[in-house]
Amino acid sequence: MNAPVSSFTSGALVETSAARISKAPAIGRLSLRARGDLAPFDAALGVGLPLSIGQRASVDGTEILRLGPDEWTLTTPVPRTAQIEAAFAEIYEAHPHSLVDISGREVTFEIEGAQAAELLTLGCPRDIETILPGQGRRTVFDGVTVVLWRDAEDRFRMDVWQSFAPHVLALLDTGCRELAAQSH
Amino acid sequence: MSQYRVSGRGRVDTSRPVTFTFDGKRFTGAQGDTVASALLANGVHLMGRSFKYHRPRGAVAAGSEEPNALIGTRRGPGRFEPNTRATVQEIWNGLETNSQNKYPSLKFDVGAVNDAAYMLFSAGFYYKTFMWPKNFWHKVYEPFIRAAAGLGVSPTEEDPDHYASRYLHCDVLIVGAGPTGIAAARAAAVDGLKVVLVDENAEAGGTLLSEPQAQIDGRPAWDWLAAELEALKAAGVKIMTRTTAIGYYHQNMIGMVEKLTDHLPELPEDTPRERMWRVRAKQVVLAQGALEKPLVFHGNDRPGVMLAGSAQTYLNRYGVLVGKRPVIVTSHDSAWFAAFDLQDAGAQVQAIVDLREGVHEALLSEARARGITVKLSHTATATSGRLRVSSLRVNPVSGGSVGAGEEIRCDAVLMSGGWTPSLHLFSHTKGSLAWDDDRTTFLPKDTPEDCLIAGASRGLWGVEAVLKDGAEKGREVAELLGKTPAQVAYSVAGDRTGTGISMKELPTDRSPGKAKAFVDYQNDVTAKDLRLAVREGMRSIEHVKRYTTNGMATDQGKMSNINGLNIAADALGKKQPQVGLTTFRPPYTPTSFGAFAGYHRGDHFEVTRKTQIDAWAEENGAVFEPVSQWRRAWYFPKAGEDMDAAVARECAATRKSVGIFDASTLGKIEVVGPDAVEFMNRMYTNPWTKLGVGKCRYGLLLGDDGYIRDDGVIGRLGQDKFHVTTTTGGAARVMNMMEDYLQTEWPDLNVWLTSTTEQWSTVALNGPNAAKLLAPLVEGVELTEETFPHMSCVECTVAGMPARLFRVSFTGEIGFEVNVPAPMGRQLWETLWEAGQQYGITAYGTETMHVLRAEKGYIIVGQDTDGTVTPYDAGMGWAVGKKKPDFVGMRGLARPDLRAKNRKQLVGLLTEDQSKLEEGAQIVFDPKQPVPMTMVGHVTSSYDTGTTGRPIALALVEGGHEKLGETVYIPMPDRTIAAKITSTIFVDPENARLKI
C-alpha cells in the first residue's frame, strides 16, 4: 500500500476493532516563529501563546501548539488564515516574526479507538503516555517527522507532510490489522 | 506412550499427541514438547553432524544454548529456516524438520572423512593448510572452504511472513522469569510501577520448571509458580514469554525479539512471525541465570553425552528419560540430583563418577539409599559407540596420576562441569567483571547503566538464595524509582544447594595430543587446538579465540568460553583474568534478519515520496527514477519509443515550442525576518543586499571548506522575505545546515527558516511558447520582457489559484516556474496541459531536463560536482561576491590548494568520432604513456540525444579552463576515444533564446 497522496479522501481510511484512521478535512495551518515579548502576539490572536513545549491553547476554532522554544503551529478554519496573517502583519514592524502559511504542506490523520495509543508505539520512539490529553508534540513515526496532537486518551491527530503520508498511512493500516488480530 | 516418556512427569500434555517429521520420518510427541524432547522421547539422540569433522551429534543441552542439535524447519513454500535449535523449536502437527550438514544421510555422512583426517584440521588450519600451492586457492581451497563454511542451507525463496516492531517504555524491565526474576517483579510491582518480565522460553518459571521437588512457602514449586504468575498479572506486570532480550544498548535501551507464530500449527491472519521490541526501561534487573558447563574429555561429543542439568530438565519439564542406563560424570553437586531424579523415575544409573576426592555426606547417603555406585577421584577418558554412546571409560586419579581404565556400559553420559553465570547482557552494558577464584568464574562488578543483576547470574546457587536476592533487587529498583516496597520473605524446602570445582580438560592416561576432547561443539574446537594455539604464540584469549574459532559460532561460546579460558590460562601458566575474557556481543541468541527489518520490506522498505502530479505522470505512461527519497518522472515514452527516442522528442519539442515539467521536488525554504538579507549574505556566496524585491538570483552554497554543496534560484518576495530553492536531494541537508549556523553561530540574527518544500507544487514551463501559453492564465502581472523580465518573481494568481510565479530557466529557453499550494498542483498541471494543446505541449521528465541544462552548461550539484569542486573550478567565479566581508566557505576558498592553477576544472567535451562518452570515464592527456597512466579527470555528464545534433559531455579536467581546443583521451576497455575540450555551453551562448 503506497497510494498517491491525492487519492486520499476525507473520512475513514482504515478501520478495525483496534483503531480507526481517517483523513481530516482541509484546514488552515500557519507556522509562527517569534521570540522576546509575546504579549503583542497574544493580543493579535486573542489568546495567550502556550508557554511550554507541548502545551496547547485555543480560541474561536484556532488551535495553537508550542513545538519549540520559538516555534508554534496554528491550525484554524481556512477563512481565518488571512485574518490572522493580516493581524500579524500589523505588528511585524514593532515585533518582527515569521508567519508562514503551511496549509498545503501537510495532511492530518485522525487516529481513534481503544488501541490508538498502542498503535502509535509501532513507529514512535517517544513514550506516548508522556503526551497527555490536551497536549501535543513534534516527534517521529517510522522515521518520518510528524506532529502528534492528543485530544483524548484514545484520540489523536497526526500531521504529516504530504509526500510522507502514504508511507505513514501504510504502517498505520498494517498496525490496525495487527492489533486487531492480537486482541482476538 | 513413547518408549522414553515417563508417566506422571513433566509439563507436556501426553493426551494431546503431536505429529511431526524429522528427515522425512514421522514422530509423535506431546503438546508442549520441543523437537529435541520429542525425539528423545522416541529414543533418538542423533540430530545433526558437526561443522568441521561432520561428527554425529545429539542434543547436549535443553535450552537456547544448544550448540549441536541445529535443524532446518519448514512450513510450506518460503517458510524454511536453517540452524533452528531443536531444543527451542516447539512441535506442532505437520511441522517438517531436517538435520543439516550431512550427505547422503545423517547416519552415513561422507563428510565424516574429515574426522579421520582431523590432524589436518587443527587450530589455524585455514592459515596453514591452504597456503600452498598458491594456484590451488581459486580452484580447490576456496570452493572447499565455501562449501564447508556455515551450517545449514540459506533459504532460497522469498519469505512470505510479516515481521513487526514496537517501542515499549517501562519503569522496570526484568530479563529472565526464573525464581529470581519472578521475585524481583513481585517486589518491584508496587505503587503503579510499570514492570515488564521477559523470558525466552515458552513458559515462565526458569529453573523451577526443572525442580518440581522444591517447596516454596509450603507449596509445591509448580503450584507456587502458577499462583505467583497470576499474582504478578493481577499486579499489572506484563509477562512476555518466547521473547529474548538480545542486546543491551545505551541508556537502558534493550532490544527484544518476540516469536509469535513459530509454535502454532495454523498461522493467524495479520499476525507477524516475530516482533522486535525496542524497550526503554528506567531500571533493569538482569536475572538470566547460569549455564551449565560440559566436561572436556575424549569423546565428550558423542550422541547421548549431555549436560546433567539438561537431562533433569528433559525429565522434569518434558517427562522424558534421556537414557535408561545413564552414567553421571561431574565436578559439581548439581549432577548428583539429576542422577537421583533419573533413578527415581525408573532409570538404572550405572554410576556417579566425580572428579572430586570427597563430596557432602548427604549426597553419598542419598546415592547409597538408591543403590547407585559412586566413584570419587575418578576421571572420564573416553566414550565409545558409533551413533550413540554405549560406554564410558573411567579411571581413578590418585596424586596426579591416572590409573587403569574401566568401561562402564551405558546409554547416556550426563556430565556437569559446574555452572557459568550468564553475563551476556550485563557485558553489553560495558559492565566490568571480576574473577572469582573460589568459583573459577567471572562475576559481575560495575555497570554504567541503570541496571542490577541478580540470582544465579551473579553466582548465587539454590532457589531460596535467588528468591531472596531477586526480591532484594526488585525492592532496590523500586526504591530507586521513589517507591516504598514491602519486605517479602521466602522459605524453601527441598532446595538443592551445592558446590563444585571447575576443571580444565580432564586428566587422562592416553596421549592428550590425540584426544578429541571438545570445548566448542559447534565449531569443533578441542582442548588440543587451544593448547596448540598457545604453543604457536597466541597470548591473549582474543587471539586464541580467532585462531581456533573457539566461541565464534552461533552459540557465541555460551558453553565453551570458560572451559576455553581455563585451558588457555593453564597452557600459558597464568591466572584466568590475566588471559582475559572475550567480549560478549549482541544478539544473545541468533536472530532472524526479518526481526531486524521489521516492517521495512516490499513496498514499505523505504519512504517513497511522490508529488501531487505523480499520479498524472503514471497515468500518462511515465517511466520513473528515484531521486533521493522521491520518485520522479524520468521520461514519457510514446508507443514504441525507447528512452533515447523519448528524450530526443521531449528535448526537441521543448526547444521548438513548449515543454512542461514537474519541479515540485525542489527544496524550498522561506527565510523571513529583519535580518533575512544579512543571513542570505552570510550563507550564500552571492551578494543579496542589492537584489530588488520581485527579483531572483542564482545562489551558490558552499561548505566551510569552500566546496560547492548546493545551488538554486532564490527570489526576494519582500524586503524581509526570501523564497529559497535547493536541489531535490539537498533540501533537508541545506535546511539543517542553515539552522545549525543560525542556532550556533548567529543566534543574534532576527531571522527564521520554514521548510516550504511541500507547501508548494511547482510546475515548470519552458520553450519559445511558454509565455504565450501562460500569459492568459495569469492575473496580477503582464508577462512581457519589460514588465516581467528573466529572473523576476511575483505573488499573483495563475488559473485562479494563489501562486508564486518565477521567471527562471534551467533549459536556456523562456522559462517559468509556477508554485501553487501543493494540493492544487494537479489541477494547475491539467489546466496548463489543456491550454498548451494548441502549442503541442510536451511533458518531459528528469532525463530531458538533464540534457537541456547540460547543453547550456548548467551544473547539477552532486553530478558535475563531487564535494571537491569550488565555484572557480566550476567556472562560476561570477557567483562569488567579491566585496562581501564573509560568507560560509570564504575562508576555505582562500586556502592555497583551492586557488592552485592546475585544479580539475569543469569543461565541455566533444568526441572526435561523435560517440557518446561514459559518465565516470577517466581522462588522460597522453594515451601512449605507460600503464598505470596519469589520470587527469573524469567525465561528469554525457548525453547522446538532444538538440545539438551530436553527443556532448561535461568533464572535470586538470587545468581545463586553460586548455580549450586541446585534445584529451578517454581510454576504454576496447579503444581509446579522443575528445576536444570546449566551453561548457553548447547551445545559445548569447542567451538570445531567454528573451520573450
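Tutor: In this predicted model, 34 residues of chain A are in contact with 37 residues of chain B. Three elements of chain A, namely β3 (28-33), β7 (98-101) and α4 (165-182), each supply at least two residues of the side that touches chain B. Of the elements of chain A, α4(A) gives the most to this side, with nine residues. By residue type, the side of chain A that touches chain B divides into 16 nonpolar, twelve polar and six charged residues.

Next come the strands of chain B. Strand β8 (residues 163-175) of chain B is paired with two others, β15(B) and β9(B). With strand β15 (residues 274-286) of chain B, β8(B) runs parallel, and twelve bridges join the two. Within this pairing, B:Glu274 of β15(B) is the residue opposite B:Tyr163. With strand β9 (residues 195-198) of chain B, the pairing of β8(B) is again in the parallel sense, over four bridges. Here B:Leu173 has B:Val196 in β9(B) as its bridge partner. As a general point, side chains in a regular strand alternate between the two faces of the sheet.

An antiparallel case is found in chain B as well: strand β5 (residues 70-74) of chain B pairs with β6(B) in that sense over four bridges. B:Leu70 stands opposite B:Arg85, a residue of β6(B). The two strands, β5(B) and β6(B), form a hairpin with five residues between them. In that turn, B:Gly76 has a positive phi of about 70 degrees.

B:Gly94 is placed in the loop between β6 (80-85) and β7 (96-99) of chain B. B:Gly94 counts as partly exposed because it has 14 C-beta neighbours inside 10 Å, whereas a buried residue would need 20 or more and an exposed one 12 or fewer. From B:Gly94 to B:Gly673 the separation is 579 residues in sequence and 70 Å in space, C-alpha to C-alpha.

Helix α9 (residues 361-370) of chain B has ten residues, of which one is buried, so the helix lies largely in the open. Just after α9(B), B:Gly371 takes a positive phi of about 75 degrees.

Key. Residues numbered from 1 in each chain as written. Chains lettered and ligands numbered in written order. Predicted model: local features only at pLDDT ≥ 70, side-chain atom pairs only at ≥ 80, totals over all residues. Pairing = 2+ DSSP bridges. Contact = placed C-beta atoms within 7 Å. Nonpolar A, V, L, I, M, F, W, Y, C, P; charged D, E, K, R; others polar.
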